[in-house]
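Reader: I would like to learn how to read a fold from its strands and its aromatic rings. Can we go through one example together?

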Amino acid sequence: MTTYKNPIVIERADPWVYKHTDGYYYFTGSVPGYQEIEVRRAKSLNELEDGERASVWRAHATGPMSSLIWAPEIHLIQGRWYIYFAAAGTDKVAKGTFQHRMYVLECDGENPLTGNWIEKGQVKTAFESFSLDATVFELGNKLYYVWAQKDPAIPGNSNLYISEMQNPWTLCGKQTLLSIPAYAWEKVGFLVNEGPAVIIRNGKVFITYSGSATDENYCMGLLWADAETNLLDGYNWHKLAEPVFRSSAKNQLFGPGHNSFSRSEDGENDVLIYHARPKIVTEGDPLDVPDRHAHAQVFSWSDNGFPIFGEPGTDND
């Protein structure tokens, strides 16, 4: 079984990995200071820390894309590279939330480290409010968008939504509420559902997501729907009542979450990519402490086709 020399990348929260057919793993994540988007690549996950890297976009000096650049994701869609990310016009909180909106970049070249990245603008949703952590996936010749957003009519910080896309930067049709923070483990510090990531296996669409504050209480939950159902019908989605991945005091990994999925170098195993802290934050805002490092961990599947993530820092075979 494949094992990894963790952490695979230092000081990169919200890690996103895309394994391409060119043999490279492409990596991005939140850069401390939250003022740029960086892309790395390497032939193995263990080589990403010292692999090729490029700063592909920087925050504007002023305006709505000038502050708190969070959680970029890199995707290859219909032959083109796209980066989805959140940005704000200020680092101040208003009415209990930050002021983020979601944006898209498109690359005009085959190599995302050297190509020119073009701003495609804000992804507009059904209402204008704090929104972030968008991910995309394709199924049945349709492109879907899943994200976190604040609904002023629902208590809490963010809920999860899904919509179909007309193109990689435009939503179309119905916007469906998938999940709100309902259980105690999703509501520690803040009422949060965020950081969705999609994996399709065993006839099901699984969405992992993260809940609670970004300290040691941060953890991962699981949603799922049968792949052949209407994914825009909220009644087709199910939610586990317990988290599927949470802090491990034994292994000194705290607040695991905001994950992505990849495959091992030999193609034999599914790999969970996630961030975690090596210690509990005791002073200051956890968002300002840059010790969320990217980790990689092989996971397995149960007899009934559900993911078994195990414990952070423990090889799961």
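This is a predicted model: local features need pLDDT of at least 70, side-chain atom pairs count only at pLDDT 80 or more; totals for chains, interfaces and linings use all residues.

Reader: How many helices and strands does the chain have?

Author: The count is zero helices and 20 strands.

Reader: How does the radius of gyration compare with the globule rule?

Author: The chain has a radius of gyration of 18 Å, close to the 20 Å that the rule gives for 317 residues, so it is as compact as a globular protein of that length. Along the principal axes, the C-alpha atoms fill a box of roughly 50 × 45 × 45 Å.

Reader: What share of the residues is buried?

Author: Buried residues are 57% of the 317. The accessible surface is about 13200 Å², and carbon and sulfur atoms contribute 48% of it. Now look at contacts with a separation of 6 or more: residues 24 or more positions apart account for 50% of them.

Reader: How many bridges join β5 to β6?

Author: Seven, between strands that run antiparallel; β6 covers residues 80-88. For one example, find H75: its bridge partner in β6 is Y82.

Reader: Now the rings. What describes a pair of them?

Author: Two values do: the distance of the centres and the angle of the planes. This structure holds 24 aromatic pairs. In one of them, the centres of Y34 and W70 are 6.1 Å apart and the planes stand at 75°, so the pair is edge-to-face. Y34 is in the loop between β2 (25-30) and β3 (36-42), while W70 is in β5, so the pair ties together parts 36 residues apart in sequence.

Reader: Are Y34 and W70 buried or exposed?

Author: Both are buried. Next, take F206 and F306, an edge-to-face pair with 5.2 Å between centres and 75° between planes. F206 belongs to strand β14 (residues 204-211), and F306 to the loop between β19 (293-301) and β20 (307-308), 100 residues apart.

Reader: Why do F206 and F306 count as buried?

Author: The cut-off is under 20% relative accessible area. F206 has 1%, and F306 has 16%.

Definitions and conventions: Residues are numbered from 1 along each chain as its sequence is written. Side-chain values use heavy atoms; hydrogens and water are left out. Two strands pair if DSSP finds at least two bridges between them. Helices (H or I, at least four residues) and strands (E, at least two) are DSSP runs, numbered from the N terminus. The radius of gyration is taken over C-alpha atoms; the globule rule is 2.2 Å times the number of residues to the power 0.38. Buried means under 20% relative accessible area, exposed over 50%, partly exposed in between (1.4 Å probe, protein chains only). Contact means heavy atoms within 4.5 Å. Accessible areas come from the Shrake-Rupley method with a 1.4 Å probe; for residues, only the protein chains shown count as cover. Rings of Phe, Tyr and Trp (its six-membered ring) pair if their centres lie within 6.5 Å; planes under 30 degrees apart count as stacked, over 60 as edge-to-face and the rest as tilted.
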